Amino acid sequence: MQDINTIAVIGAGLMGAGIAQVFISQGKLVRVYDPVESSLNSLPTRLRQNLDLLNQSHDCLDHLVISSSLKETVSDADIVFEAAPEQLEIKRAIFRDLLPLVKKNAILASNTSVIPIKDIGHDLDHKGCLVGTHWWNPAYLIPLVEVVQSATTSAWVVEKTMDLLMSVGKKPVHVKKDVAGFVGNRLQHALWREAIALINDGVCDAETVDIVVKNSFGLRLPVLGPIENSDLVGLDLTLDIHKVILQGINRDAEPSPLLQQKVANGELGMKSGKGFRQWSEKEATEVRTALVDHLLKENHL
């Protein structure tokens, strides 16, 4: 397998744009396709805004090719990143359309955040070239990419994908078992499930949950992961704590009724002005700005 120099991205939305930006910034040729013309047309403007945020030159946009033809986008690509909406049938349809168009041994990578790769590739003759690459938003600022190996993914595909991501400054990890949510989102949503349960059960309000996380263990997380923390305090203490606390932790296998009720009522969070908390447009903007500022600082930009 030759070095990967030509990248195709399917989807010009938030994630597709971020993925494209990472590669063009490193001199890779990137072709982007999206069936929604407005997303394609606005892509250069959005990328310029991101580059300005990073104080980077716009010259890398010379490596970007926007195409309204799926065939032209993927025909000579060494790797194709799918960055479509998080719906199984949409993703399966994309790969079904891709297979007759890509060259032999082209790597096919899905940016799904939770869907098992085996489900996306079910009944598709992808010849072991299908792999999961879960990028985190914003893709140009978050280092982690989870590289997910399904039972049918060839070992060389994982190795080549990991090498490519490392070469452009990302922090890839090899997820060896194809489970829903992979590693990051299983951990993140276990926390979210318990947070929502605490609110639902009247233990505290939503604001208290966020205050507790941001002013306690959240402060340690950038330098101390959960397993490091367990070893730090001692596994004997960890065991003693688990004997007490695990009995009361939420075990619901379905989404919280409180969460379902809020969605049904149109209480969708910042975009609707109300979720678990009330949000003015100013407050929402302040949170988004603070997040970007924090990530820029963490990346020393």
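The structure holds 8 salt bridges, where a salt bridge is a side-chain nitrogen of Lys or Arg within 4 Å of a carboxyl oxygen of Asp or Glu. Before I go through some of them, a word on the model. It is a predicted model, in which local features need pLDDT of at least 70 and side-chain atom pairs count only at pLDDT 80 or more, while totals for chains, interfaces and linings use all residues. Residues are numbered from 1 along each chain as its sequence is written, and side-chain values use heavy atoms, with hydrogens and water left out.

Let me begin with Lys103. Its partner is Asp78, and the closest N and O atoms of this salt bridge are 2.7 Å apart. Lys103 sits in the loop between α4 (88-98) and β5 (107-110), and Asp78 in the loop between α3 (70-74) and β4 (79-82), so the pair ties together parts that are 25 residues apart in sequence. How far are the two side chains covered? I call a residue buried under 20% relative accessible area, exposed over 50%, and partly exposed in between, with a 1.4 Å probe and protein chains only. Asp78 is buried, at 8% relative accessibility, whereas Lys103, at 33%, counts as partly exposed.

The next pair is Lys91 and Glu82, which meet in a salt bridge of 2.4 Å, N to O. Are these residues buried or exposed? Lys91 is buried, with a relative accessible area of 1%, and Glu82 is buried as well, at 0%. The two belong to a network of salt bridges that links Glu82, Glu86 and Lys91.

A further salt bridge joins the side chains of Glu267 and Lys262, at 2.9 Å from N to O. Glu267 has a relative accessible area of 18% and therefore counts as buried; Lys262, at 15%, is buried too.

I turn now to the chain as a whole. It contains 13 helices and 8 strands. For 301 residues, a compact globule would have a radius of gyration near 19 Å, and the value of 21 Å for the chain agrees with this. That radius is taken over C-alpha atoms, and the globule rule is 2.2 Å times the number of residues to the power 0.38. Along its principal axes, the C-alpha trace spans about 55 × 45 × 40 Å. Of the 301 residues, 42% count as buried. Among contacts with a separation of 6 or more, 66% come from residues 24 or more positions apart, a contact being heavy atoms within 4.5 Å. The chain exposes about 17000 Å², of which carbon and sulfur atoms supply 55%; accessible areas come from the Shrake-Rupley method with a 1.4 Å probe, and for residues only the protein chains shown count as cover.

Among the strands, consider β2, residues 29-33. Because 4 of its 5 residues are buried, β2 is largely enclosed by the rest of the structure. Strand β1 (residues 6-10) runs parallel to β2, and 5 bridges join them; strands pair if DSSP finds at least two bridges between them.

I close with the backbone. Asn137 and Pro138 are joined by a cis peptide bond, with omega about 0°, and Pro138 lies in the loop between β6 (130-135) and β7 (144-148). Asp123, although not a glycine, has a positive phi of about 65°. Asp123 lies in the loop between α5 (117-120) and β6 and is exposed, with a relative accessible area of 67%. Lys127 is found in the loop between α5 and β6, with a positive phi near 55°, and is exposed at 63%.

Terms used. Helix = DSSP H or I, 4+ residues; strand = E, 2+ residues; numbered from the N terminus.
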